[in-house]
Amino acid sequence: MEENFRMIAKCFFGFEEILEKELRTLGAQEVEKGVRMVSFKGDKGFMYKANLSLRTALKILKPIYSFRANNEQALYKGISGLNWSKYLNANQTFVIDTTVHSTYFNHSEFVSQKCKDAIVDQFRERTGQRPSIDKQYPDLRINVHIDKDQVSVSLDTSGSSLHQRGYRTATNIAPINEVLAAGILLLSGWDGQSHFLDPMCGSGTFLAEAAMIACNIPANINRKEFAFEKWKDWDNDLFDTIIDSLMKKTREFHYTIKGFDKAPSAVSKAKDNIRNANLEDYITISEGNFFESEKETEGKLHIVFNPPYDERLDIHMERFYSNIGDTLKKNYPGTNAWFITANLEALKFVGLKPSRKIKLFNGSLEARLVKYEMYEGSKRTKFQVNE
């Protein structure tokens with residue numbers, strides 16, 4: 001039987017709790033939440049499953065070695081102390097990603113270079129050959145993390161960031177990252193038990209992620225490859241078994257997922273992406289202006305969207321955000337509406353009081369995810385009925 005080993009799932013700030021919950025639901029062992037990461041234990045099959053399934057993880061690392069070093073000689077010696085032929089052949093390629101929080105080492109590039117020298121020298125001494133660096137498509141991606149004098153060496157099981165799901169070929173000016181979109185949906189409480197609308201859908205990322213959550217489709221089922229597929233212990237049969245088992249757990253969806261955008265180019269891109277994700281059966285996309293729209297469905301409606309903020313479009317901020325508030329209030333009763341914005345000033349013009357405000361980052365921009373609850377009839381009536 002495969003033995004369990006520790007892994008680290010990296011995530012965005014503010015997503016630690018939902019990533020922890022995802023891992024527990026998936027069956028991870030010894031789950032521990034950190035800052036922008038959650039550590040856990042599982043076997044090789046679980047490593048495959050985590051990469052395929054996790055919606056809010058950016059990368060999954062497999063720590064293999066740690067040591068102390070406070071100068072370049074100690075770093076070189078420490079890296080040389082590992083038998084790299086376990087993970088790499090002399091005719092293969094590798095790359096090293098480094099993060100450094102240390103007074104002993106100032107530059108991540110320098111650390112990467114020193115580690116590369118140690119690995120290459122080990123191969124040259126033992127075999128007369130050496131593996132080479134390939135930054136684009138390496139056979140092995142190594143992660144070196146230095147905190148003070150503690151050096152942790154991990155293998156990157158994912159490869160390119162897990163937000164690259166594989167379905168999005170067309171994007172707009174400032175698309176929302178797939179992992180960020182999935183995290184926002186999970187934070188908003190989206191569970192597929194109502195109708196869903198994104199009234200400013202752009203390239204359709206919220207729509208695709210909402211459908212995959214609703215139907216319990218693995219987040220990275222459309223992804224072309226993972227780093228572990230090039231490892232020496234790659235097990236294709238086990239991987240196929242994991243995929244089969246995950247696909248058996250998908251579920252029916254009995255509501256509607258709709259998106260519209262007033263830009264024809266955005267609608268066209270969104271439709272392409274939804275087609276790539278094989279989700280056309282669940283999602284309807286059309287051209288439309290949110291400010292001229294109204295609620296089309298009976299019962300509860302869950303709205304999530306990403307309105308423009310100064311960085312993207314030349315719009316009159318005050319009027320635009322005031323229109324958002326007016327449209328929600330007048331035309332969308334019985335709705336929970338969530339949106340993310342990095343324009344914290346503009347929120348003042350919505351004219352509604354948010355019932356929740358969550359601090360997140362969209363890239364390097366500090367943002368807020370806000371929730372507005374639109375009641376059927378007036379709020380006063382609601383409270384009288386409940387009394």
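**Overall fold and nonpolar core**

Among contacts (heavy atoms within 4.5 Å) between residues at least 6 apart in sequence, 76% join residues at least 24 apart. The model is predicted: local features need pLDDT of at least 70, side-chain atom pairs count only at pLDDT 80 or more, and totals for chains, interfaces and linings use all residues. Residues are numbered from 1 along each chain as its sequence is written, and side-chain values use heavy atoms, with hydrogens and water left out.

The protein has 10 helices and 15 strands. These are DSSP runs numbered from the N terminus (helices H or I, at least four residues; strands E, at least two). The radius of gyration, taken over C-alpha atoms, is 24 Å. The C-alpha trace spans about 75 × 45 × 45 Å along its principal axes.

Buried residues (under 20% relative accessible area, 1.4 Å probe, protein chains only) make up 51% of the 387 residues. The largest nonpolar core holds 114 residues. Such a core is a set of buried Ala, Val, Leu, Ile, Met, Phe, Trp, Tyr and Cys residues joined through side-chain atoms within 4.5 Å. Leu23, Phe40, Leu75, Trp84 and Ile142 touch the most other members. Helix 6 (residues 205–214) gives the most to this core, with eight residues. Not counting residues up to four places away in sequence, Leu75 touches Phe67, Ala69, Phe105, Val111, Lys114, Cys115, Ile146 and Val151.

Conventions: The radius of gyration is taken over C-alpha atoms; the globule rule is 2.2 Å times the number of residues to the power 0.38. Buried means under 20% relative accessible area, exposed over 50%, partly exposed in between (1.4 Å probe, protein chains only).
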